[in-house]
Amino acid sequence: MDALMLSRLQFAAATIFHFLFVPLTLGLSIMIAIMETRYVKTQDAVYLKMTKFWGKLFLINFALGIVTGITLEFQFGTNWSRYSAFVGDIFGSLLAIEATAAFFLESTFIGVWIFGWKKLSPKAHATVMWLVAGASTLSALWILTANAWMQHPVGYTLRNGRAELESFSAVLFQKFAILEILHTLSAAYILSAFFVMGISAYHLIKKQHLDFFTRSFRIALGFGLIFSLFEFAEGHLHGSDLADKQPAKLAAMEAHWETKTNAPIYHFALPDEANEKNAIEILPLPGVLSLLAKHSPSAEVTGLKAIPRNERPPVLINFLSFKIMVALGLYFILMTLIGWFKRNRLPESPGYLKLMLYSIPLPYLACELGWILAEVGRQPWIVYGLMKTSDAYSPVAQSQVLTSLIAFILIYGLLGAIGYYLIFQQARKGPEPVV
């Protein structure tokens, strides 16, 4: 492999690993804030125990997110210097705001929350947790806005071979960025809900701390149900926006080869990229792709053959990522709906609880597939329509990138093993008495 492919693999490995921890930080911070607010309102000690138990898991996860996130930003300078030189005026400013404002606030509030138990009033302490959740969301907002600009660049002008910022508001408030932010945050909230429900299910199966974990499960269940339904509707809007902004990605997601009206979706298909067709197509639903993409069954949808071969994303990876992600999204809706009907008799539903325990990894998988779809689906562009990935990497030796890639994998593997061991131990231990 050359330096370009190794750089891509290194960034993919770092991103995928970092994104194992970010979604849980985003969602769990809000649920902990809800638990602590309930404690303030009711003075019920169970909610205080909940806040402390889930808070410990949150802090372990947050620490791992910080460590793995710092190296990502360094890679723009070490592995993607040509890209940084081209878009640094725009991309760099968004990352700088995230690091110096949002992340600084988030870290400060977390410090106050950790050390403020005996120094702040209960109401002020709960308010700090809401500020932690707000700062975490603000941090994600800047990162996702930067990514959305790579997907759909706006508010810039090309001058002296560089993209220079012309309208900050156009970058911040473009439709693509708003849809991407909503989609990613909702996915994070679903992941966090399934994390809490899965761990709660483990203890309910074992018939221990029944009241504590039944209440925890119910809080997460309501959270998960709302955002599973929202994600489904919002995902449709995001997909139809892709039809206008990134038709090649949409065509790859659906293995749609011919530009046609009344475009179908198949119950089952298998792309054959080499021969520019689907090797298998079963049970077409005529007009459904046109309806979903353009809101009209007779609308024309661009096919992959209308796009030059060297500007098409890898079809099979995008197709499978999208289909599995959608299937998982439907599974989350189904499981949270079932849970809603069982919410008053959870300890008497061992089969459902086991499914929820085993479902903990699935939202992680859905989130990672979403990132793969977003990033691989944009290829061969690093900035859609402006700069190709092959023109963006640093002129460094292959051996240097290979060495750092191996180091990343080894260090991240060790960090991940330690981090998940600590989370597993803490989760299995259960809540401690409140002192």
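**Charges over rings.** I started with Arg-343: its charged end sits over the ring of Trp-340, 4.1 Å from the ring centre. My rule for this takes NZ of Lys or CZ of Arg, within 6 Å of the ring centre and within 35 degrees of the ring normal. Next I looked up Arg-82. Its charged end sits over the ring of Tyr-393, 5.6 Å from the centre.

**Ground rules.** I am reading a predicted model, where local features need pLDDT of at least 70, side-chain atom pairs count only at pLDDT 80 or more, and totals for chains, interfaces and linings use all residues. Residues are numbered from 1 along each chain as its sequence is written, and side-chain values use heavy atoms, with hydrogens and water left out.

**Aromatic pairs.** I paired rings of Phe, Tyr and Trp (its six-membered ring) when their centres lie within 6.5 Å; planes under 30 degrees apart are stacked, over 60 edge-to-face, the rest tilted. The count comes to 25 aromatic pairs. I checked Phe-19 and Trp-371: their centres are 5.2 Å apart and their planes at 90°, so the pair is edge-to-face. This pair links distant parts of the chain, 352 residues apart. Phe-19 is in the loop between helix H1 (3-18) and helix H2 (22-42), while Trp-371 is in helix H13 (residues 361-376). Helices here are DSSP runs (H or I, at least four residues), numbered from the N terminus.

I then asked about burial (buried is under 20% relative accessible area, exposed over 50%, partly exposed in between, with a 1.4 Å probe and protein chains only). Phe-19 counts as buried at 10%. Trp-371 also counts as buried, at 15%.

I turned to Tyr-331 and Phe-332. Their ring centres are 6.2 Å apart and the planes at 70°, so I noted this pair as edge-to-face. Tyr-331 is partly exposed at 21%, whereas Phe-332 is buried at 4%.

I also noted one aromatic cluster, formed by Phe-17, Phe-21, Phe-408, Tyr-412 and Tyr-420.

**Helix H12.** Which residues of H12 (350-358) are buried? I found Tyr-352, Leu-353 and Met-356.

**Thr-145.** I finished in helix H5 (residues 122-151), the place of Thr-145. Thr-145 is buried, with a relative accessible area of 0%. I set aside its neighbours within four places in sequence and found contacts with Leu-94, Val-171, Leu-172 and Ile-181. Contact means heavy atoms within 4.5 Å.

Key
Helices (H or I, at least four residues) and strands (E, at least two) are DSSP runs, numbered from the N terminus.
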